[in-house]
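Trainee: I would like to learn how to read a protein structure. Please take me through the features in turn.

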Amino acid sequence: MTAKSNPPQSAQKRFTLMLAGEDTYDSEEGQAIADRPLKGLPHERFLLGDSVPLAPVLLLGQTAQAVNPIEVIACLQPVHFHATRDHLILMGQNQIDLTEAESTELLKAALPFIEEDFQSNILYQGFRYWFIPAGPFASLASYSVDQAHGRNIEWWMPRDTNEEGIAKRWRKLQNEIQMLWHIGPVNQAREQVGMPSINSLWISGIGKLNDVKTPDILQQSQRLCGSHPILAGLAKLLHLPYEKEFHIQIAPGSFAWLDQPELIWPELSKALLNKELDEVLLIDFPKGRVRERVLTTKDLYRKSWAFWKKTEPLTWKEIIL
């Protein structure tokens, strides 16, 4: 296994596999509130650049409509804040079981407030994502639900950058919607069956398509593969084929970000041994830093000084160490 940061464009039989990175920021009690984490998870910054303009990329991947590359767009998501003894925690969207009908009803109730404060109409309503021109909120610094979930929201709430008072204005709108939804029929029905209420609105991903800075390896790929909506948007942006589901036949030349990459490792190993692939480029983010490693057939087995003995294949856990 060797390190490689600038893969040649001629590697037609290479498969690139990116693993999601964990945020290394730890908001321990007593840490200065001004000491904020970097915006974006490591893999989000890798795919989109340091400004992490998630909203326009997500929008591009979910709609057939044209997205203005110079328009600053925000992503809004209905969420649940879980109350602990002394703070609130943002729950991930996969934990709240929001239905499409509930999402539609919640937006219908909040829409007049949202469009009045944003001074614009909603661009697109998805199942878990709503998109709108950021307007007066364009300068907010924000964090995605993926980055902030499971944590004390005090550290992850949107904050002012170059214009004071914008974060306060957002919190005012957020509070109005919280009160509106609290007494609404969606939450009354959810509470009757013991489901968490949808008790707040989250803003994130503010930016424009022209701010996206994709890595060379993505631009050199023949297709993108994976279920995350970021990939669908990037495929459109880069004019690349996109596959939501992975199968080994499309591996050569592909870039993939998969929910359970360990499940495809046996197939990848076999493809390397059968010369269907020359190499696998593995990208991960230990301690938040980009690491790129190239695996070939010789990297599939444990190293041993006993050359006369048959060596054992490496497990997935050993590969990703």
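Mentor: Begin with burial. A residue is buried under 20% relative accessible area, exposed over 50%, and partly exposed in between (1.4 Å probe, protein chains only). I73 has 0% relative accessibility, so I73 counts as buried. Two points on the source: this is a predicted model, in which local features need pLDDT of at least 70 and side-chain atom pairs count only at pLDDT 80 or more, while totals for chains, interfaces and linings use all residues. Residues are numbered from 1 along each chain as its sequence is written, and side-chain values use heavy atoms, with hydrogens and water left out.

Trainee: Where is the place of I73, and with which residues is I73 in contact, leaving aside its neighbours within four places in sequence?

Mentor: Strands (E, at least two residues) and helices (H or I, at least four) are DSSP runs, numbered from the N terminus. I73 is in strand β3. Contact means heavy atoms within 4.5 Å. Leaving aside neighbours within four places in sequence, I73 is in contact with A55, P56, L59, V67, L123, F131, I132, P133, A134, G205, I206 and G207. I73 and A134 are 61 residues apart in sequence, yet 4.9 Å apart in space, C-alpha to C-alpha.

Trainee: What can be said of the protein chain as a whole?

Mentor: The protein chain has ten helices and 13 strands. Of its 321 residues, 49% are buried. Among contacts between residues at least 6 apart in sequence, 67% join residues at least 24 apart.

Trainee: Which residues of helix α6 are buried, and why do they line one face of the helix?

Mentor: In α6 (residues 185-192), the buried residues are V186, N187 and R190. Seen down the axis of α6, these buried residues fall within an arc of 90 degrees, so they line one face of the helix. The arc is that of the directions from the helix axis to the C-beta atoms. The buried residues of α6 pack against α3 (100-118) and α5 (166-182). P185 and Q192, on the other side of α6, are exposed. After α6 comes G194, with a positive phi near 75 degrees.

Trainee: How is empty space found?

Mentor: Rolling a probe the size of a water molecule over the atoms shows where empty space is left. On a 1 Å grid over the protein atoms alone, a cavity is a set of points where a 1.4 Å probe fits but cannot get out, and a pocket is an open set with protein on both sides within 12 Å along at least five of seven lines; lining residues have an atom within 4 Å of a point. Grid points are joined across faces, edges and corners, and a volume is the space filled by probe spheres set on the points. Here the largest pocket has a volume of about 960 Å³. Of the 36 residues that line this pocket, the closest to its centre are Y129, D146, H228, P229 and W257. Helix α2 gives the largest share of the lining, five residues.

Trainee: How many cavities of 30 Å³ or more does the structure hold?

Mentor: The structure holds one. The largest cavity has a volume of about 50 Å³, and its lining residues include K39, E44, Y143 and Q147.
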